[in-house]
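Let's walk through this one together, starting with charged side chains and ending with a pair of helices.

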Amino acid sequence: MNSIKSVPARVLSRRGGHSLEAEREQFDKSQAISISKAINTQEAPVKEKHARRIILGTHHEKGAFTFWSYAIGLPLPSSAILSWKFCHVLHKVLRDGHPNVLQDCQRYRSNIRETGDLWGHLHDRYGQLVSIYTRLLLTKISFHVKHPEFPPGLEVSDEVLEKTAGTDVNNIFQLTVELFDYLDCELKLSESVFRQLNTSMAVSQMSAVQCRLAPLIQVIQDCSHLYHYSVKLMFKLHSCLPADTLQGHRDRFHEQFRSLKNFFKRASDMLYFKRLIQIPRLPESPPNFLRASALAEHVKPVVVIPEEAPEDEEPENLIEISTTSTTEPQITSDLFEQTFGPPNGVWDDRDAQIESLNKEVETLRAEMKKIKLEAQHYITQLKAQVNSLEGEVEEQRKQKQKALVDNEQLRDELERLQRVKQDSDRSQRLCAEAEKKANATEIRYTKLKEKHSELINTHAELLRKNADTAKQLTVTQQSQEEVARVKEQLAFQVEQVKREAEMKLEDQSLQMEQLRQELEARRDELEQAQRSLSQAKQAGVELSTQVDALHAEKEVLRRSVSEKECELLSTRGLIEEKELQLSQEADKATREIRELQGRLLEKSTQEQSLQQKLLEEQFAVLQETVREAQGILRDAMAKLDDPLHLRCTSSPDYLLSRAQAALESTDALEKGHAQYVASMADAAGLVGALALFAHLTADTIVNGSATSHLAPTDHADRLTETCRECGQRSLQYLDELKDRQRLGRAQLGDVQGALREVLQLAQELRPKSLDIKQEELGDMVEKEMASTSEAIEDAVRRIEEMMSQARNESSGVKLEVNERILNSCTDLMKAIRLLVTTSTNLQKEIVESGRGAATTQEFYAKNSRWTEGLISASKAVGWGATQLVESADRVVLHTGKYEELIVCSHEIAASTAQLVAASKVKAEKSSRNLARLQECSRNVNEMAANVVASTKSGQEQIEEKDTMDFSGMSLIKLKKEEMETQVKVLELEKRLESERVRLGELRKQHYVLAGGCEDAPEDGEARPAPAPRRGILKKPPIAQKPGLGQP
């Protein structure tokens, strides 16, 4: 019995309970399963239940450590679909995961960037989407790390947005730009997805299409918030900055608005989105940021995710319960009971506890499921309440904005009334000033009237004294002489007083005239400024009346003073004072006149200096243009001796066009030079013509140097020297323009002569047509096409013979390699044969449609250039097929090189491309034979690539590689081997360089010999485009092919 009891103890010891290690292991296992199911290579959307488990896992461990520990092990470079679904899951984890997920993703930015860069360089449809998606995720991580106030879900209140933006205009400006960049990345992803899809209703139900469309749900959620925040910040910016400064922001927002509206419209029309998300509708036109009240019309777009239907899956366990801890004891207990039976025929207490715990777990699970359903229902109700409250808030915000608008209108009305009141006060002040001036004038004339009364009294007193004196003269006769002497003295004094009185009266009349003019000016001012003020007008009338009265009094005073001049001695002091005042006024007037004369002289001097400055500036602009033109010409002349420019080539025809354009620009330059010499205040025409002349002349020199690289030695030397002479003559002409004395005598004759020499050399270098009779061209085309077909048929036959011979003479790996190479060559020959047949049909169609009433030979003779191109291309194809067969024969017999076969494949691809181009020149775009010919050309290129690939793989398969075991060599031996290897490397590099130079010379010579085939077309004709070229140096269209003149 003791031995039996000891067994359950060991068995029960395996019932481990809910340890932390078991929980962690179970959590890691569940996360790994969810990640593997969510991120796979199946072209289907990510299931919501797997993504939800991953998101719950981030909340469980408060971060994304586990997610990234499994994600970095995924083979993302192997599958674009896998990378696409990884980006989708990462986007959902960022939006709905724990807040610490953002920091964990920040540490793995380099992994995300490497994935995007890898697929961005590959031409894969999903790969391009992955590249754009990774840029969006990197932008999202950077934005939320920089602005932690915005959660990755982008749900913040307007108060938080206002607090984040702050009051600094620079911060608001920068935040708006970052939101625009964020929204651009979102819209670019949506546009790329829609560009690859057909947006019909039926297509959106395919799993492959849904795989691309699924991430756009998160994009729609992000875009709705970004659009709302951008509108808020734009209105805030327009309240702080002028409208012209924000023109670029408005243009960018309007473009994003159109893209977002188009995106929402296209998404809402698709059946896939209708059951997953409720997409908001944007207004018909973007908000008007120039009108502050338009903010009240803005409605925040709200995205609603409908309640999801319960999926056929096992309910989630919010409380971690280890399955191993419940099942393992049962299995162990069953094994124990089968072996030993129940101890003493009764159940163990622990089994009863386990059974009760299992029942409690089931009960808890049911309750938890019920709680989840109630919570979801409650959340839906809360969302509905939140939406209704948001609608009320928007309504309140509209009312607030309307009240603000009314307040602004009232404030404007108040400001207008205040301005009216200020104008009225100003008018009253002007009236008061006029009244004060009128009163001062009245007081002044009152004082003058009092002085006049004093003079009258003095005159009366003098009359009385004169009467007394007369009485004394009649009484005393003895004093007659004395009286006479006194009379003379009095007469003299009267004359003096009379003269002084006249001067005084003149001064007073002048002063009165000035006062009258001043009063008239004041009266006119008052009448013009304040016509509505009747009091001022009455004051002016009274003032004029007083002036008239003063004039009358002045006349009376003048008459009384003329009668009694001798008695005005007391007025000398007043007269002297008036004279002093008048002299001061005269001095003041003189000073003002001198000051005005000085200002006039200064203005004239300043005008002359400005005119001179204008001339200097025009001349300085001309000098700067001349210096720039000299720099352009010197740079072009430096290309003549630059060794790096030796690889640049050009055609005589292009040089001819450039030289002709440069020669024509000299006419405009002469006209601009004449205009500037006639009027140096305007250098615009000369500057423009000079810039054009410099660029065209430099282009002529550079293309002349490039053309000389492929020309014969004599012509190349003459062309180079002529280009150098042209540059030197142009520089001499520009030097003359820099000197004021020689500017008017500068001539362009030498430059034009040098350009004409370049034109003549270019004309001589133009390739001449082949000496073929025009009537023989038609027959030659048919003969060459027939001979090409025969050469291809012969090549196919020879390849089949080589195939049978290789099967008899070789075996094993060599037989496999030879069969693969010969099969690819056979496929290439068949493709070429089909291309030649299609080209022949197309040529017949071209001749029938273009010859009209003429014969076939006449049509070929009329289009001789095109015919020569066809003949050259046909010969090239036949020659290439023959060379390919010979190379394949030598490779199979192990007497040739694999590289020869690769070069022949490339040559055949280039020759067929030349034949297609020659046939395509005169064909109609809608021709079916042309479409078939292009398809055959692509097939030939693919077959040539297959030949190259099979050749390279066979070469790698046959060639043996040394293991390079240096373990048994000594130090001295290793050093010796290293030196010998370096010597071999240097020898091979030198030989490679010499072979490249030789290849370049061969291609130059071939360019000269094949010039007849590449001659410029006549009027109304066209020539075939050159064949594509490969390699480091330029390769001629047909290397080492027989000329047209050969049979």
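Which residue forms a salt bridge with Lys265? That would be Asp269, with the closest N and O atoms 3.7 Å apart. A salt bridge here is a side-chain nitrogen of Lys or Arg within 4 Å of a carboxyl oxygen of Asp or Glu. Lys265 counts as exposed at 53% relative accessibility, while Asp269 is partly exposed at 38% (buried is under 20% relative accessible area, exposed over 50%, partly exposed in between, with a 1.4 Å probe and protein chains only).

Keep in mind that this is a predicted model, where local features need pLDDT of at least 70 and side-chain atom pairs count only at pLDDT 80 or more, though totals for chains, interfaces and linings use all residues. Residues are numbered from 1 along each chain as its sequence is written, and side-chain values use heavy atoms, leaving out hydrogens and water.

Searching the whole structure turns up 25 salt bridges. One of them links Glu935 and Arg938 at 2.8 Å, N to O. These two sit three residues apart in helix 30 (residues 928-958), so about one helical turn separates them. (Helices are DSSP runs of H or I, at least four residues, numbered from the N terminus.) Glu935 is partly exposed at 47%, and so is Arg938 at 44%. Elsewhere, shared partners join Arg24, Asp28 and Glu61 into one salt-bridge network.

Now for the helices. Helix 9 (residues 158-165) packs against helix 12 (residues 216-238) at about 50°, with axes 11 Å apart; axes are lines fitted to C-alpha atoms over the stretch in contact, and angles run from 0 to 180 degrees between N-to-C directions.
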